[in-house]
Amino acid sequence: MGKRRNRSRSQSQVLNSLSKKQKKHLRDFGEEHPFYDRVSGKEAKPQICKLSENSDHSSSESDSDSESEKVSEYHKLLATLKNVSEEEEDEEEGESAVEEEAEVESEGDHRDSSLEKEVALSDAEDKDGEALSRPRAAEDEFTDRKHESEFSLETNFLEEEGGDHSAVKASEDPFLQHMNKELKEKDIQGVSTNPKITQQLNWSTLGQLVFSTQFHTLETFKPPKDIDLMTLHLQKPLDSTWSKINGQFLSGPPKPNGPFSPLQKELFSVMNSYRDLLYPERTALGNGEEIRHVYCLHAMNHVLKANSQVLSNNSKRRDKKPRAGDDDDAFRDQGLTRPKVLIVVPFREAALRVVQLFISLLEAGSKKKIDVSNKKRFKGEYGSDPDERPPNLKRPEDYDAVFAGNIDDHFRIGVAVLQRSIRLYAPFYSSDILIASPLGLRTIIGAEGEKKRDFDFLSSIEILIIDQVDIYLMQNWEHVLHLMNHMNLLPLDSHGVDFSRVRMWSLNNWSKYYRQTLLFGALQEAQINSVFSKYCVNYQGQVAVRSISMTGSISQVLVQLPHVFQRLEAENLLSVIDARFHFFVDKILPQYRDAVMSHTLIYVPSYFDFVRLRNYFKKEELNFTHICEYTERSGVSRARHFFLQGERQFLLFTERFHFYKRYTIKGIRNLIFYELPTYPHFYSEVCNMLKATGGGEEATWTCTVLYSKYDAQRLAAVVGVERAAQMLQSKKNVHLFITGEK
């Protein structure tokens with residue numbers, strides 16, 4: 001045995017010394033390429049070897065004769081492919097000839113396979129070594145390495161305690177109603193030609209709702225006055241854990257909302273009907289966690305029901321005796337790939353809270369904790385150190401709420417759920433839930449023409465949840481559009497799917513008509529509305545909540561300041577960009593060129609507009625400085641100093657910089673909003689920066705705002721709905737507001 005171990009150790013050393021190219025050649029052809037033979041410079045004397053009748057013995061004799069000669073690594077590798085070694089012959093001398101033949105064959109096969117495995121393993125280790133330079137998450141996204149059998153839907157069966165999902169009547173359960181509905185070809189063809197049907201309703205908490213659909217019939221409903229958990233068809237154990245983890249949002253008597261807050265009750269009523277939802281009133285300081293709880297409940301309920309249906313059908317197929325003419329369509333319960341739910345969040349902190357909620361939903365109040373694999377690694381990569389944040393950093397409360405915890409925006413993680421177990425860092429094609437940022441998804445999806453790209457895991461997403469959608473406007477909105485363009489496409493590879501279990505509407509490439517999309521944000525923004533109207537084609541219909549600002553953020557301006565709103569004219573939406581630039585250059589900027597109008601801050605929401613203005617200012621050799629999200633800290637300090645001291649007349653200032661830093665800019669006397677801010681409260685924040693200047697110059701302060709008819713939503717958020725309507729319909733192009741009057 002000692003000799004065998006020494007030989008296997010030496011083989012491993014030889015293999016480790018080979019390059020990847022040599023290993024590949026050895027694996028493919030059973031020998032090393034002659035180019036790599038190590039030939040000594042001395043001319044070797046020819047040797048004559050007499051071959052005996054037994055070729056097996058001849059190999060051992062030739063080895064013994066050439067002991068004095070330096071044996072190449074190539075010959076050592078070839079020796080491992082022999083059927084029998086000297087040591088094995090000595091050990092098996094006393095056995096019969098028949099047994100010896102059997103041992104020879106089996107040992108030979110074993111040695112051949114062991115060498116192949118060793119080469120493959122060594123090659124895989126090399127690849128793993130290279131992958132260390134890439135993010136660790138990317139390593140395991142598409143390759144199963146551990147716990148596959150434990151979390152595989154194909155090889156597991158429904159436990160008795162879980163109950164049979166089919167026991168719930170399809171006529172009552174919203175999940176089965178939605179997933180079992182079979183659309184017809186004429187329904188799909190009519191989507192592109194049918195006019196959109198809309199109807200408005202007012203709900204007590206959500207306010208004004210707009211129901212719409214592009215299918216033939218539009219069904220509306222109102223939330224029930226009383227909620228009973230039994231009527232919601234929550235899968236076990238959610239019916240018992242939900243009330244325990246949601247208690248922090250409940251106040252007063254438990255009825256009529258049951259274990260839901262008034263907001264959660266109405267949101268879940270829409271979610272559980274499997275309609276698309278746009279909710280633009282999510283706030284990080286207010287109802288953010290309340291909303292996160294309810295969409296996590298909906299997502300986990302959907303996954304548990306879907307997996308329970310698959311496991312139940314596995315049990316039925318196992319126990320069923322095959323008969324001729326059996327209808328296998330009854331077992332169509334899957335998509336083309338396993339991932340069912342995609343949750344898009346902006347930062348790792350949000351992903352951490354979502355996963356913690358999933359764990360709580362499965363184990364809250366239970367004596368036995370659920371199994372969570374890779375939990376320690378997850379906390380290390382997605383958690384944060386509270387000492388990292390400077391203690392003297394003073395920022396608005398909403399800033400602290402948005403940027404709490406780990407704010408890395410490049411991540412993705414797969415979560416597999418099976419009965420009472422959760423697997424974190426599951427490979428994407430073995431996951432039920434994917435949690436990722438837009439940037440994390442973009443780096444996998446790639447662009448057209450790239451070799452390494454994959455988006456098949458998006459082919460069968462049944463619920464898409466995009467939380468804090470307004471923040472992506474500050475990150476990169478193109479990533480969101482790129483994601484939406486790759487949702488529910490037919491996969492390029494089968495990924496081992498059993499096509500007899502795939503739903504027919506998934507095979508017909510109709511998955512996008514069954515996908516429920518939930519958008520939660522803090523803004524009523526045109527770009528968000530465009531995504532909702534263009535990419536959400538759920539056959540159940542869409543529900544959009546319309547937020548109406550009656551007063552506007554201008555009421556929060558504390559300084560005494562005249563606000564001059566100047567309307568510019570544009571023929572269409574595409575021409576607004578150029579029209580705004582020429583209006584600013586021709587009408588506004590000449591008023592501020594005089595040295596008297598120094599200390600002028602120009603607030604620019606779009607980075608592209610910022611670059612255009614910066615280039616124009618350089619060309620005209622104007623006395624200016626600039627601060628954007630890409631400016632280094634030293635550059636920011638110099639710009640702020642020059643502007644405060646009056647050494648620079650203009651300061652170009654981007655909205656993204658304000659979003660991520662929230663610095664107070666001192667020395668402002670004149671303020672120009674090149675375009676209305678994306679976030680309405682940024683208007684009052686920037687205006688209130690003027691009070692940091694002081695010095696008794698309040699009487700000379702000015703504020704100028706440019707707007708067009710295409711800025712109606714942003715204008716309403718700043719000045720209020722009624723004033724915005726008057727300003728857009730008025731024949732006058734200039735409107736004046738004065739704030740801070742005593």
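**Helix packing and the sheet**

Analyst: Helix α13 (residues 262-271) and helix α14 (residues 288-319) pack at an angle of about 30°, their axes being 10 Å apart. The model is predicted, with local features requiring pLDDT of at least 70 and side-chain atom pairs pLDDT 80 or more, while totals for chains, interfaces and linings use all residues. Residues are numbered from 1 along each chain as its sequence is written, and side-chain values use heavy atoms, leaving out hydrogens and water.

User: Is the crossing of α13 and α14 left-handed or right-handed?

Analyst: A crossing is left-handed if the near helix is turned anticlockwise from the far one by less than a right angle, and right-handed if clockwise. In the contact, residues including Leu263 and Phe268 of α13 meet residues including Ile291 and Leu297 of α14. The crossing of α13 and α14 is right-handed.

User: How do α15 and α16 run relative to each other, roughly parallel or roughly antiparallel?

Analyst: The axes of α15 (residues 348-363) and α16 (residues 375-382) come within 9 Å and cross at roughly 150°. Angles under 35 degrees count as roughly parallel and those over 145 as roughly antiparallel. The crossing angle therefore makes α15, relative to α16, roughly antiparallel.

User: Which residues of α16 make the contact with α15?

Analyst: Contact means heavy atoms within 4.5 Å. From α15, the contact is made by Arg348, Ala351, Leu352, Val355 and Ile359. On the side of α16, the residues are Lys375, Phe378, Glu381 and Tyr382.

User: Which strands stand at the edges of the sheet?

Analyst: The open sheet is formed by 11 strands in the order β1-β2-β11-β3-β10-β9-β4-β8-β6-β7-β5, with mixed pairing. Two strands pair if DSSP finds at least two bridges between them. Each edge strand has a single partner, so one side of each is left without a neighbour in the sheet; these strands are β1 (197-203) and β5 (371-373).

User: What is the bridge partner of Leu464 in β10?

Analyst: Strand β9 pairs with β10 (residues 516-520) in the parallel sense over 4 bridges. In β10, the bridge partner of Leu464 is Thr517.

User: Is Gln468 buried or exposed?

Analyst: Gln468 lies in the loop between β9 (463-466) and α19 (471-475). Leaving aside residues up to four places away in sequence, Gln468 touches Arg282, Pro346, Ala350 and Phe520. Buried means under 20% relative accessible area and exposed over 50%, with partly exposed in between (1.4 Å probe, protein chains only). Because its relative accessibility is 8%, Gln468 counts as buried.

Conventions
Axes fitted to C-alpha atoms, helices over the stretch in contact; angles between N-to-C directions. Helix = DSSP H or I, 4+ residues; strand = E, 2+ residues; numbered from the N terminus. Parallel < 35°, antiparallel > 145°, perpendicular 65-115°, else oblique.
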